Amino acid sequence: MPAYDFDIGILGGGSAGLTVAAGSAQLGAKTLLVEKESVLGGDCLHFGCVPSKTLIKTAHVYHLMKNAHRFGLPSVPVPPIDFQEVTRRIQSVINIIQHHDSEERFCSLGVRVVFGQAAFIDEHAIHMNGQMFSAKNWVLATGSSPSIPPIPGLDKTPFVTNREIFSLKRLPASLIILGAGPIAIEMAQAFCRLGSRVMVVQRGNQILSREDKDMADGVMNSLASEGVLFHLNSSVISARDLGTEREIALKNRDGNTLSLRAESIMVAMGRDVNVNGLGLEKIGVLFDQKGIKLDQRLRTSHKHIYAAGDITGAYQFTHAAGYEGGIVISNTIFHLPRKADYTFLPWCTYTHPELASIGMNEKAAKAAGISYSVWTEEFKDNDRSLAEGSDIGKIKMILDEKEKPLGIQILGLHGGELISEWVAAVNGRVKLSTLAASVHPYPTLGEINKKVAATFFAGKIFSDKVRKGLKFFFNLRGRACG
Ligand SMILES: Cc1cc2nc3c(=O)[nH]c(=O)nc-3n(C[C@H](O)[C@H](O)[C@H](O)COP(=O)(O)OP(=O)(O)OC[C@H]3O[C@@H](n4cnc5c(N)ncnc54)[C@H](O)[C@@H]3O)c2cc1C
C-alpha cells in the first residue's frame with residue numbers, strides 16, 4: 001500500500017472542514033487541514049450566520065427602542081445609529097468565536113493546519129506553497145460564494161454581497177436587495193429596522209421560494225408593515241452607477257419597466273460552489289454549477305474523495321455542513337457505509353417572526369405526489385405570544401395518509417427554537433398522541449406544538465360516537481346550556 005503523508009486531507013476550514021478535522025484528529029487519524037484565507041471559520045463565522053445573527057439582534061433591540069410605546073412604556077427620542085458601532089459589535093462576537101475556530105485549537109487537537117491555495121496534482125496529492133501533500137482520503141469542503149448574475153451594467157456599478165455588508169463604513173440611506181432568499185430577507189428587515197429605505201426585487205411571485213406561499217407571505221407582510229418595499233414578478237434588466245446613487249431597471253410580468261434608485265445595492269441571488277482552481281477536472285472529479293456529483297455516502301467519482309458542506313449544493317446551512325462532516329467521518333475513519341439522509345433536516349429564516357421548517361411542506365408533498373392533510377394553530381391564540389407583543393404567524397403540521405408527520409413549519413416568535421421539539425419528535429419517531437398528551441409549561445410558545453397535535457385528536461375525541469358511548473355506559477345527561 002502506498003505511504004501517504006496523511007490519513008485524511010481536508011480542503012476548506014469552514015463549518016464542514018472543521019467538523020471533519022476535529023473529529024478525525026480526535027479519533028487518531030493523521031489530519032491535514034488546508035485553508036485559503038489567513039484564518040479558519042469560513043463563511044458562517046466571518047460573512048454569514050454569526051455576523052448576520054448579531055446584526056439582526058442589534059436591529060431588533062433598536063426596533064424595540066423605537067416601539068417602546070407598544071409595550072406601555074414612554075416614547076423616547078431614538079437617535080440614528082452609528083453603523084461603525086454596529087460593525088464593532090459584530091466583529092467582537094466574531095473574535096470571541098474565532099478562538100474556538102483557531103489554528104492553535106485545531107493544532108492542540110492534532111490537526112496540521114496550512115494556509116494557502118491548493119490544487120490537486122493527482123488523485124491523492126495536492127500542491128501548495130511549493131510543497132506537495134498526499135493523503136489516503138480527501139474531503140472537498142471549500143464552500144460557496146455569492147453568485148453574481150450577468151446583469152448588463154452590474155460590472156460597472158458598485159454593489160455589495162454578504163462579504164462586505166457586515167463591515168460597511170456607514171448605514172446606507174437606501175438599499176436595493178436583488179434576490180429574496182433567506183440571506184436577502186434577513187438583511188432586508190435588519191437594514192430597514194436600522195433606518196435604511198429597503199427595496200427587495202424578486203423574479204418569482206413570492207419571497208423565500210422554497211417555502212409554502214402562505215408562510216412566505218406571512219414573512220413578507222411582516223416586513224412590509226415595517227416599511228420594506230417588495231417588487232415581485234420583476235426581472236432585473238440593467239444596473240447603472242449614477243455617482244452618488246445606483247439605479248436598477250426592472251421589467252415586470254406585464255412587460256412594464258420601472259427604475260429603482262438607492263445609495264447601495266446588495267446582490268443576494270443564490271450561491272456558486274467554490275470549485276475553481278482545485279484541479280478537479282484534471283483528476284476527473286465530476287461536478288456542475290450546482291455542486292459536486294456525489295453518491296449517498298458523499299463520495300465523489302473517486303471513492304476516496306468526499307465532499308461536505310455548501311460545495312455539495314444540497315442544503316447550504318451550517319448544521320447541514322456539520323451533519324455531512326459526520327457522514328464523512330463515519331465512512332472514512334470508522335469505515336461504516338453511512339448514507340446522508342435529509343428527510344428531517346430543519347432550517348430557519350431568522351426574520352421577526354422567524355420561519356422554521358422540518359420535513360416536507362405542502363409544496364414538497366405536492367411535488368412528490370403524496371396525499372397529505374394540513375393542521376394549523378395560530379399564534380394569536382397562544383397566550384405567551386400575546387404577552388410578548390406578537391400575534392403573527394401559525395404552525396402548520398403536514399400529515400401523511402397514515403397520520404404520521406411529513407413535515408412541520410412554524411412562522412412565529414422564536415420559530416427556530418420551537419422547531420427543535422419536532423426535531424426530537426420526528427427523529428425519535430415519537431407518536432403524535434404522546435406529544436398531544438405531554439404537559440408543556442404554561443405560558444410558553446412551545447404549547448403551540450402540543451396544541452397542533454391535540455387539535456388533530458380533538459375531532460376524534462369530541463365526536464358524536466364518543467359522546468353516545470359515554471352516555472350509554474355512564475348515563476351522562478348532555479348540554480346544560482343553550
Ligand atoms: C449571510 C449569510 C447568513 C447565513 N446564515 C446562516 C444561518 O443562520 N444558519 C445556517 O445554518 N447557515 C447560514 N448560512 C450558510 C452557512 O454560512 C453555510 O452553509 C456554511 O458556512 C457552509 O459551510 P462550508 O464549510 O461548506 O463552507 P464555508 O464555511 O464557507 O467554508 C469554506 C472554506 O473553504 C475555504 N476555501 C475556499 N476555497 C478554497 C481553496 N481553494 N483551498 C482551501 N480553502 C478554500 C474558504 O475560505 C472557507 O474558509 C448563512 C450564509 C450567509 C452568506
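Reply: Happy to! Let us begin with a term: a residue is buried under 20% relative accessible area, exposed over 50% and partly exposed in between, using a 1.4 Å probe and protein chains only. This is a predicted model, where local features need pLDDT of at least 70, side-chain atom pairs count only at pLDDT 80 or more, and totals for chains, interfaces and linings use all residues. Residues are numbered from 1 along each chain as its sequence is written, and side-chain values use heavy atoms, leaving out hydrogens and water.

Now for the rings. Those of Phe, Tyr and Trp (its six-membered ring) pair if their centres lie within 6.5 Å; planes under 30 degrees apart are stacked, over 60 edge-to-face, and the rest tilted. That rule gives 11 aromatic pairs. One of them joins F120 and W138 edge-to-face, with 5.5 Å from centre to centre and 80 degrees between the planes. F120 lies in strand 4 (residues 119-122) and W138 in strand 6 (residues 131-140), 18 residues apart; strands here are DSSP runs of E, at least two residues, numbered from the N terminus. F120 counts as buried because its relative accessibility is 1%, and W138 does so at 0%.

Another edge-to-face pair is F456 with F457, at 4.9 Å centre to centre and 75 degrees between the planes. With a relative accessible area of 6%, F456 is buried.

Rings also gather in a group: Y315, F317, Y323, Y342 and W347 make up one aromatic cluster.

Key: Helix = DSSP H or I, 4+ residues; strand = E, 2+ residues; numbered from the N terminus.
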